[in-house]
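My entries follow in the order in which I looked.

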Amino acid sequence: MTRLPNTTRFKGVFIMGMTDILGLRLLIFGLVFIVDSSVSAPDECQQETARLRSQLRALESRALRQQELIEQLRSRQAEASLSVDRLVDLGELKDYADCAQIYNDGNKASGFYMIKPLHAPSKIKVYCDMSDGGGWTVFQRRSDGSERFDRDWADYKKGFGNMQSNSGEFWLGNDNLHYLTSQGDYELRVNMADFDDNQRYAVYRSFKVASEEDSYQLAFGKYSGSAGDSLAGGYHPEVQWWASHQGMKFSTHDRDNDRYERNCAREDKAGWWFNRCHSANLNGYYYKGPYSSVTDNGIVWYTWHGWWYSLKSVVMKIRPENFEPNEV
C-alpha cells in the first residue's frame, strides 16, 4: 500500500511557515511605508522597495501553493479511507454457506464477510454484493486495470487480487468457485459498463464449475438480460461450435485445455473457459474502450461491443436460484 505523506506534520510546517511569512510581510510593509513616505528617498531606496515587494509576492505565492498541496493531501486521504471496506465480523457462532444466507440473516450492507461453503476445508473471505435484490457472492471484479489477470494455473486455483478495497480487482479462486456452485443450483449475474457509462447485464441459470480434477469445467443454463448471450455463442448458429463456452474447461498460459491448435490463454492474456477462442473473455487485458492488437485480448463481451472494444468494469456474482429475500 502506498503511504500518503503525513498531513498533520505538513500542516504544522505550513502554520509555522505562515506565521513567519506574516511577520515578514508586516516588516516589509513597514519598510515600504517608511521608504514611500520619505520625499527625499534616493534611488537605492526605491530599488529596495521594489525588491521587497517582489519578495513579498513570491512568499504569498509559495504560501498558496502549500495550502493547495495540503488540501490535495487531505482529499487523497479521505478518498483512501472511503475506498476501504472493512471485514464485517459476524462472530463465530454461525457458519454461512454464501452471501445469500448472510443477507437473509439480517445483514443488508455490501462488504467483505467470511463464509464457509459446505465442502470447503476452511472459511473464505468474500465480497457480498447486496444490490440487485441482495445475496450475491462476487467472484470476479474488473474496475481499473490495477490487477494483472494474465496468471498461471496456481493463481487462478487459489485466487488473487485486492480483497481490501470495495472497488479492488480480484478473482476469488477456482477451488472456491467450485465449492460454492457444488452446494446446489446457482445463477450467475454479470454486470458490465463501458466507457460512456452505459450498463448491461447478463444472467445465466444453473451455473456450475467442476473441480480441479475436471479442469474446472463450465456449465450454465438459460440466458436472460440486456447484454446478449455471449457465453453460449448463440447469436449465430454458424459460429456456436467455436464461440460457445458451454462445457469448456479452464485454461491458463501454463495449462492449455482449449480446442484451439495453439494456446488461447497465452494469446489472449487471461485465464478463462476458452473454446477456439471466445465470444466472451472478461479476464482479458484492460484497455480503455476501442483497441487494436494482434488478438482480441481485451475485456470482451461480443454481443454488446464486439471483439475490439474492452469494457470499463465487470462484476461476476452468484447466488442460489431459489433465493427469496427475507425482508423481515
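**Entry: helix α5**

I began with helix α5, residues 174-181, and found it mostly covered, with eight of its eight residues buried. The buried residues that I listed for α5 are N174, D175, N176, L177, H178, Y179, L180 and T181. I note here that the model is a predicted one.

**Entry: β2 and the strands beside it**

Next I looked at β2, where five of the six residues are buried, and I put the strand down as mostly covered. I then looked up which strands pair with β2. Strand β1 (residues 111-115) pairs with β2 in the antiparallel sense, over five bridges. One contact I wrote down is G111, whose bridge partner in β2 is C128. Strand β3 (residues 136-142) also runs antiparallel to β2, and three bridges join the two. On that side, Y127 has V138 of β3 as its bridge partner. The hairpin of β2 and β3 has six residues between the strands, and in it I found D132 with a positive phi near 50 degrees.

**Entry: disulfides**

C128 had come up as a bridge partner of G111, and I went on to the cysteines. How many disulfides does the count come to? I got two disulfides. In one of them C99 is joined to C128, with 2.0 Å from S to S. The link of C99 and C128 is left-handed, with -75 degrees about the S-S bond. C99 belongs to helix α3 (residues 99-104) and C128 to strand β2 (residues 124-129), so I logged a link between distant parts of the chain, 29 residues apart. C99 and C128 are both buried.

Another disulfide is formed by C264 and C277, with the sulfur atoms 2.0 Å apart. Its torsion about the S-S bond is about -90 degrees, so I logged the disulfide of C264 and C277 as left-handed. C264 sits in helix α7 and C277 in the loop between α7 and β10, 13 residues apart. C264 and C277 are both buried as well. With bonded cysteines counted along the chain, I read the pattern as 1-2, 3-4.

**Entry: aromatic pairs**

I turned to the rings and counted 23 aromatic pairs in the structure. I looked at Y156 and F250, which form a tilted pair at 5.2 Å centre to centre, with 55 degrees between the planes. This pair links distant parts of the chain, 94 residues apart: Y156 is in helix α4 (residues 153-158), and F250 is in the loop between α6 (240-243) and α7 (264-268). I have Y156 as buried because its relative accessible area is 0%. F250 is also buried, again with a relative accessible area of 0%.

The pair of F195 and Y286 has its ring centres 6.3 Å apart and its planes at 70 degrees, so I put it down as edge-to-face. F195 is in the loop between β6 (186-193) and β7 (199-209), and Y286 is in the loop between β10 (280-281) and β11 (289-290), so the pair ties together parts 91 residues apart in sequence. Are these two residues buried or exposed? F195 is partly exposed, because its relative accessibility is 28%. Y286 has a relative accessible area of 15%, so I counted it as buried.

**Entry: the aromatic cluster and two charges**

Which residues form one aromatic cluster? I listed F139, F149, W153, Y156, F160, W171, F207, Y216, F250, W272 and W273. I then looked for charges over rings of the cluster. The charged end of R142 sits over the ring of F149, at 4.0 Å from its centre. R255 has its charged end over the ring of W153, at 4.3 Å from the ring centre.

**Entry: second largest pocket**

Last, I looked up the second largest pocket, which holds about 250 Å³ of space. I found 18 residues in its lining, and D129, N191, S313, V315 and K317 lie nearest the centre. The elements that give two or more residues to this lining are β2, β3, β6, β7 and β14 (313-320). I had already noted β2 as mostly covered and as joined to β3 by three bridges.

Conventions: Residues numbered from 1 in each chain as written. Predicted model: local features only at pLDDT ≥ 70, side-chain atom pairs only at ≥ 80, totals over all residues. Heavy atoms only, no water. Phe/Tyr/Trp six-rings, centres within 6.5 Å; stacked < 30°, edge-to-face > 60°. Helix = DSSP H or I, 4+ residues; strand = E, 2+ residues; numbered from the N terminus. Buried < 20%, exposed > 50% of the residue type's maximum accessible area, 1.4 Å probe, protein only. Lys NZ or Arg CZ within 6 Å of the ring centre and 35° of its normal. Disulfide = S-S within 2.5 Å. Pairing = 2+ DSSP bridges. 1 Å grid on protein atoms, 1.4 Å probe; cavity = no way out; pocket = protein on both sides within 12 Å on 5 of 7 lines; lining within 4 Å. Points joined across faces, edges and corners; volume = space filled by probe spheres on them.
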